[in-house]
Amino acid sequence: MPADRVDGVAWREVVDVAGGVSAVRRDQVAEEVPLAIHCNGEPLAVMMVSPCDLEDFAHGFALTELGLGPGDPVSVVLQSLLEGIQLDLRTRDPLPARAADPQRWLPGRSGCGICGHRHLEDVVRQPAAVGQGSAIASSALEVALRQIEQRQPLNAATGAIHAAAWAGADGSLVLVREDVGRHNALDKLIGAMRREGVNPASGFALVTSRASYEMVAKAATAGIPLLAAMSAPTALAVDLATGCGMTLVGFLRAGRYVVYSHQDRIG
């Protein structure tokens with residue numbers, strides 16, 4: 001096994017065909033493992049994740065999916081099992097009734113944002129209003145875009161990983177988290193922000209994926225006033241962003257981007 005192996009990456013033998021010529025070689029592929037989430041001793045959910053930055057994921061998931069406030073969870077314990085990884089959360093306060101419903105949770109795909117929800121009102125919820133946040137110059141969006149490619153070691157190795165990044169008002173990247181699931185990457189970023197005391201009003205978030213409504217809802221729950229995506233948003237994501245006061249940017253490219261809601265934050 002190569003000494004420079006990156007967590008979240010595995011090696012497999014492949015047949016590489018180019019110009020009609022085949023060659024056998026070893027290649028790096030993204031790991032995708034089951035994560036069983038338990039809360040206060042009770043099984044809650046199973047997610048498929050990249051096995052890195054899982055404590056950050058726990059804190060982000062606790063906020064965006066369980067609705068837990070500051071100070072929760074009070075402890076996070078990770079245990080490697082034959083079948084995958086078990087994540088045990090202990091909370092100071094009981095789970096909100098919606099999150100504690102045992103009928104809500106089902107095994108989920110890679111960061112699936114709606115797996116486990118059994119009622120429409122659980123799936124589409126208008127987030128609370130975000131704060132005004134900092135004014136962001138157009139140039140800051142490009143600064144973040146230029147930096148993010150160099151801050152994705154898992155994707156550089158495999159080409160199959162999403163990233164979520166937090167940038168200061170000038171566009172300089174402060175935190176970057178990666179995962180095979182785009183929702184997981186954002187939960188990891190939000191968890192890292194909570195653990196490090198980052199003020200969500202101090203900058204903006206950038207994701208390498210599309211901006212679906214779940215991504216907007218998670219970012220709004222964390223109080224993030226501006227979410228920029230390198231791909232497209234969905235109509236529901238635009239509606240949710242408009243309703244909660246979030247600036248939503250899509251198709252972020254060098255020299256171009258599209259603003260779908262609340263353009264006033266961008267100078």
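Two strands are taken to pair if DSSP finds at least two bridges between them. In this predicted model, strands S11 and S12 meet that condition: they run antiparallel and are joined by four bridges. The hairpin of S11 and S12 has two residues between the strands, and Gly255 in this hairpin adopts a positive phi near 85°. Gly255 sits in the loop between S11 and strand S12 (256-261).

An unreviewed UniProt entry lists Phe251, Leu252, Arg253, Ala254, Gly255 and Arg256 under "binding site". Phe251 belongs to strand S11 (residues 247-253). Leaving aside neighbours within four places in sequence, Phe251 is in contact with Ala229, Met230, Ser231, Ala232, Arg256, Tyr257, Val258 and Tyr260. Accessibility for two of the listed residues is given below.

| Residue | Relative accessible area | Class |
|---|---|---|
| Phe251 | 28% | partly exposed |
| Gly255 | 64% | exposed |

Gly255 counts as exposed because its relative accessible area of 64% is over 50%. Phe251, at 28%, falls between the cut-offs of 20% and 50% and is therefore partly exposed.

Aromatic pairing is a separate topic. A search of the whole structure returns one aromatic pair. The ring centres of Phe57 and Phe61 are 5.5 Å apart and the ring planes are at 35°, so this pair is tilted. Both residues lie in helix H1 (residues 54-64), four residues apart, which is about one turn of the helix. Phe57 and Phe61 are both buried.

Note on methods
Residues numbered from 1 in each chain as written. Predicted model: local features only at pLDDT ≥ 70, side-chain atom pairs only at ≥ 80, totals over all residues. Heavy atoms only, no water. UniProt positions renumbered as here; feature names shortened; annotations may be inferred. Buried < 20%, exposed > 50% of the residue type's maximum accessible area, 1.4 Å probe, protein only. Contact = heavy atoms within 4.5 Å. Phe/Tyr/Trp six-rings, centres within 6.5 Å; stacked < 30°, edge-to-face > 60°.
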